[in-house]
Amino acid sequence: MTQNFRATIVLTVLTVVAWLACLGFADSFEKESTCSASEVEQSSHQTFAEWTRFDFSASKMGVPVRLSFYASNESIAQKAADAVFAHFDKLNAILSDYDPESEIIAVCRKSSETNDYVALSPDLFRVLAFARTCTEKTDGAFDITVSPVVKLWRRSRSFRELPPPEYLEKARQLVGNDRWELQADPPAVRTLAPGVRFDVGGVAKGIALDDALEILASFGITSALLDAGGDLRIGDPPPGSDGWRVEFATLTPDDSERPVRVFANVGIACSGDTNRYVEINGVRYSHIIDPRTGNPLTEHVVVAVSAPCAADADALASAICVLGETEGKKILARFPGACLIDFLR
Ligand code: AMP
Ligand code: MG
C-alpha cells in the first residue's frame, strides 16, 4: 500500500495516535523470520527514493502496535514486520505482570522463597538494569517496585472502591531500589522482602520500540515510524523529506488547532491519567503512583517527552508526571538529548 510519507499521526493526549491512512493491514504475525542475504542484496538495485511505504498493525503488550516503514519490496517488509512482532511477543512473555508465568513474576517469587539471587535472561537483566538506573536518575520518581501498590489500585478501578488502608500500607513498604539487588555477572536478581514485585509497564513499550528499530535495521530498513499504544520510535525520514509528521492533540482535542511537528531519529512518549484513572468520592486517582509516598497522583496531568531513544522518553514521561513541571525539567538534564514537548494540567 502506498501512501504519501506525510500521512500524519495524531498524538492524542496520552494514548497517542491515530494514523491517518493506515487501514487494512495484516493483523496476524506469528512466526519468527529472518531476512536472507539475497533479498537484502536485491533491495540495493533500487534507489531509496523508489522504496514503497508499508504499514502493519497488531495488538501486542496489550496495546495496538503500528509499524510504518519504507522497504524495497513486500517480501522484505513482511519478514521485517514478522520479526518485530515476534520480538514484542518474546518481551511480553518475559515482562508481563498480568501473566503469572512471566519471567519477571517467576524470578521475584523464587527469590522470595529462596531468599537468594535468581538467574535472569539477558533481556530481563537489561530491562531491570535500565529501570534501576532510571530510578536513580529520577530521584525515585520512576520506580518499578510500585507493582504491589499498582495492583491494589487496579482492583480499585475494577470495583470503584478504595484499597483497604492496611493492604496499602504493606504494599508501600515494598517500594524502593533498596528492596532489591541486581548482579551483573552472572545476571541475577535478589528481592530483599517477601512480596517485592516489579512492574515495568512504564518503560516496556519504549524498550520494545527501540529494539524494533534495530530489528528493522537488520533488514536494511531505517526509514520508519513505530507506535506502541501512543509511544513512538521514529527512525530516518521518509524518502525526500525531513521527517515524519506527528500531530499533537490538546487536552480538549480540536482538529483545527492541533500542532504538527516533524521528527526524525527520536523517541516520543506520553504519560498521564486521561484514560486510566478511577474517581471515588470526587477524587480522581491516576494509574501513576508517586513511589515516594506510595499514593496515586490525584491531579490531572499529561506529559509528552522526546529523547534520543524511546526507552528514555517512556521512563521520563512517567517520572515527570510524578515530579511536576519544575522538578521534571531538572531531571531532563540527566537524560542527554531529552526534551519536554508538553506538560498539561
Ligand atoms: P506510562 O503509561 O508509561 O506512564 O506507564 C504507566 C504504568 O507504569 C502504570 O500503569 C504502572 O503499571 C506503572 N507505573 C505507575 N507509576 C509508576 C512509577 N512511578 N514508576 C514506574 N512505573 C510506574
Ligand atoms: Mg512511561
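Trainee: How far is an oxygen atom of ligand 1 from an N or O atom in the side chain of S271?
Mentor: Bear in mind that this is a predicted model. In it, that distance is 2.5 Å.

Trainee: And which other polar side chains meet ligand 1 through an oxygen atom?
Mentor: D199 has a polar side-chain atom 2.5 Å from an oxygen atom of ligand 1, and for an N or O atom in the D314 side chain the distance is 3.0 Å. Overall, the protein covers 96% of the 490 Å² of accessible area that ligand 1 has on its own.

Trainee: Which residues come nearest to ligand 1?
Mentor: There are 17 residues around ligand 1, and the nearest are D199, S271, H287, I289 and S318. By class, that shell holds eight nonpolar, five polar and four charged residues.

Trainee: Which element gives the largest share of the shell?
Mentor: Helix 8, residues 310–332, with three residues. The space that ligand 1 takes is the largest pocket.

Trainee: Switching to the metal: what coordinates the magnesium ion (ligand 2)?
Mentor: The donors are G202 (O), D314 (O), D314 (OD) and S318 (OG), at 2.2 to 2.4 Å. D314 also has that 3.0 Å side-chain contact with an oxygen atom of ligand 1.

Definitions and conventions. Residues are numbered from 1 along each chain as its sequence is written. Chains are lettered from A and ligands numbered from 1 in the order in which they are written. This is a predicted model: local features need pLDDT of at least 70, side-chain atom pairs count only at pLDDT 80 or more; totals for chains, interfaces and linings use all residues. Side-chain values use heavy atoms; hydrogens and water are left out. A residue is near a molecule or strand if one of its heavy atoms lies within 4 Å of it. A polar contact is a pair of N or O atoms within 3.5 Å; within protein, one must be able to donate a hydrogen and the other to accept it, and residues adjacent in sequence count only if both atoms are side-chain atoms. Accessible areas come from the Shrake-Rupley method with a 1.4 Å probe; for residues, only the protein chains shown count as cover. On a 1 Å grid over the protein atoms alone, a cavity is a set of points where a 1.4 Å probe fits but cannot get out, and a pocket is an open set with protein on both sides within 12 Å along at least five of seven lines; lining residues have an atom within 4 Å of a point. A molecule sits in a cavity or pocket if more than half of its atoms lie within 2 Å of its grid points. Helices (H or I, at least four residues) and strands (E, at least two) are DSSP runs, numbered from the N terminus. Ala, Val, Leu, Ile, Met, Phe, Trp, Tyr, Cys and Pro count as nonpolar, Asp, Glu, Lys and Arg as charged, and the others, Gly among them, as polar. Donors are N, O and S atoms within 2.8 Å of the metal (3.2 Å for Na, K and Ca); water is not among the atoms, so sites may look incomplete.
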